[in-house]
Number of protein chains: 2
Amino acid sequence: MKYQLYYWPHIQGRGEFIRLALEEGAAGYVDVARLPEGEGGGRPAVQRLLEQAGDGRTPFAPPILRAGKLLISQTANILQYLGPRLGLAPKAEAARLWAHQLQLTLADLVVEAHDTHHPVAKSLYYEEQKPEALRRAADFKALRVPKFLGYFERVLASNPGGDRFLVGKSLSYVDLSAFQVIAGLLYAFPRTLAGLQGKHPRLMALRRRVMERPRVAAYLASPRRIPFNDRGIFRHYPELDEA
Amino acid sequence: MKYQLYYWPHIQGRGEFIRLALEEGAAGYVDVARLPEGEGGGRPAVQRLLEQAGDGRTPFAPPILRAGKLLISQTANILQYLGPRLGLAPKAEAARLWAHQLQLTLADLVVEAHDTHHPVAKSLYYEEQKPEALRRAADFKALRVPKFLGYFERVLASNPGGDRFLVGKSLSYVDLSAFQVIAGLLYAFPRTLAGLQGKHPRLMALRRRVMERPRVAAYLASPRRIPFNDRGIFRHYPELDEA
């Protein structure tokens, strides 16, 4: 199966959770919107898909995965689909439900990370909602990041399969996504994370292990990995990271 | 199978999406936290579950469903599990992925509806974030509600199974959840919705059809249905609904 990923070409965004799974799973895929517009790529490739009348299954937003005749959207939904096919999900139903729950909880954290710089409206620039962002970021750093990271640290600590993976005894898409979230938080809130790393040794070790995996390392070093920037979900605005 | 639902006993909240599926599916279930504390209910019943060390699969937040040995959390995840068991999900994988995508999109709308009154922090009262709430609600009403409702209206209009259901030719948990979201928006933003209803006839008809189903109607008329109030996700603050 050769997959086609449709996601905005200039940011990691939510597409990155899919890219990481496809890369670690050694899947054949085309990151369609990163092709030149003349070759059917660019933002128009995503927009066309969102505007199609299609068969009544038009996605609401990217990321969108095309797998043969299937068109799948919503990040956690795509990962749930890809996981078993790429050897990145547990086999038993109970473990799959658990993996999906963890993924959805990471997705909740991602929304909250995004909203630190856009607490009022996606339709406005950060600069138009900076006072609100300062307040929201303060709460995010003081309460929400510790709550989420504390939770995932406990999940690792209490995993019957050991603390090297979030689910069971081998790597799953959830570990890849946890790596991405921690990488994003380290980029956006380095000062805050510096104060928290010591409390979450298992989670920080997980991040390192994931980024050192040969396929992930090769991907991160390649031009396929879009750098963090100030248009994505995780943005480094020093004033939001300050005490 | 007799299910146990764990959710805060004083609000509809995210638990309501599960309650509606259990009710329409005629499932045997106990809404545990609505039992008296002396009988193992109340908020402590939920809190105990969140604090248990357990088998390493402790949920992050309610709603939580206990199904035999399984403990499942995250609303969309629970519905994905319950759907096929209660006759409220399509059979084919492609249709199930589509239903789950729609459910996750409804969940995104639910977060945005909540954040109109809590744009800064869950840890603060509404009154402590009112200026921010006014700004966020303005954007929500002007751009986000029309975008989401327009999307679901198109989904109904282009459903090959007809415009009476969001997925296929029969009722699914997604229809129940769509009813709940529209009911919530009508409660929280009556003025805004009055201006939008004419543009979404299929969605408004879906809401009516769902609430007229015998089991749903019986549930809504029973004391099991907690009324909307000013502690839940959908809150009616007139100032947020004004033009």
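Visitor: How many of the residues of helix α1 of chain B are buried?
Guide: A quick note before we start: this is a predicted model. Helix α1(B) covers residues 15–24 and is mostly covered. Its buried residues run through G15(B), E16(B), F17(B), I18(B), R19(B), L20(B), A21(B), L22(B), E23(B) and E24(B). Among the elements that cover them are β1, β2, β3, α3, α6 and α9 of chain B. The count of buried residues in α1(B) is 10 of 10.

Visitor: Which residue takes a positive phi just after α1(B)?
Guide: Follow the chain to the place just after the helix α1(B). The phi there is positive, at about 55 degrees. The residue is A26(B).

Visitor: Which residues touch the most other members of the largest nonpolar core?
Guide: As a general idea, nonpolar side chains tend to be buried together in soluble globular proteins. The largest nonpolar core here has 132 residues. One of the residues we want touches L79(A), L82(A), L86(A), L88(A), Y173(A) and L176(A), leaving out residues up to four places away in sequence. The residues with the most core contacts are A21(A) and A21(B).

Visitor: Are α1(A) and α3(A) roughly parallel or roughly perpendicular?
Guide: Their axes come within 9 Å and cross at roughly 10 degrees. F17(A), I18(A) and A21(A) of α1(A) make the contact with T75(A), I78(A), L79(A) and L82(A) of α3(A). By class, that contact has 6 nonpolar, 1 polar and no charged residues. Because angles under 35 degrees count as roughly parallel, the crossing of α1(A) and α3(A) is roughly parallel.

Visitor: And how do α8(A) and α9(A) lie, roughly parallel or roughly perpendicular?
Guide: These two helices pack with their axes 5 Å apart, at an angle of about 80 degrees. V210(A), M211(A) and E212(A) in α8(A) meet V216(A), A217(A) and L220(A) in α9(A). The residues of this contact are 5 nonpolar, no polar and 1 charged. Angles from 65 to 115 degrees count as roughly perpendicular, so α8(A) and α9(A) are roughly perpendicular.

Visitor: Is N77(A) buried or exposed?
Guide: N77(A) sits in helix α3 of chain A. Leaving aside neighbours within four places in sequence, N77(A) is in contact with I72(A), and with L97(B), H100(B), Q101(B) and L104(B) of chain B. A residue needs 20 or more C-beta neighbours within 10 Å to count as buried. N77(A) has 27 of them inside 10 Å, so N77(A) is buried.

Visitor: Which element gives the most to the side of chain A that touches chain B?
Guide: In total, 34 residues of chain A are in contact with 34 residues of chain B. The elements that give two or more residues to this side of chain A are β4, α3, α4 and α5. By class, the residues of this side are 18 nonpolar, 10 polar and 6 charged. The element that gives the most, with 8 residues, is α4(A).

Methods:
Residues numbered from 1 in each chain as written. Chains lettered and ligands numbered in written order. Predicted model: local features only at pLDDT ≥ 70, side-chain atom pairs only at ≥ 80, totals over all residues. Core = buried A, V, L, I, M, F, W, Y, C linked by C-beta atoms within 7 Å. Buried ≥ 20, exposed ≤ 12 C-beta atoms within 10 Å, placed from the backbone. Contact = placed C-beta atoms within 7 Å. Helix = DSSP H or I, 4+ residues; strand = E, 2+ residues; numbered from the N terminus. Nonpolar A, V, L, I, M, F, W, Y, C, P; charged D, E, K, R; others polar. Axes fitted to C-alpha atoms, helices over the stretch in contact; angles between N-to-C directions. Parallel < 35°, antiparallel > 145°, perpendicular 65-115°, else oblique.
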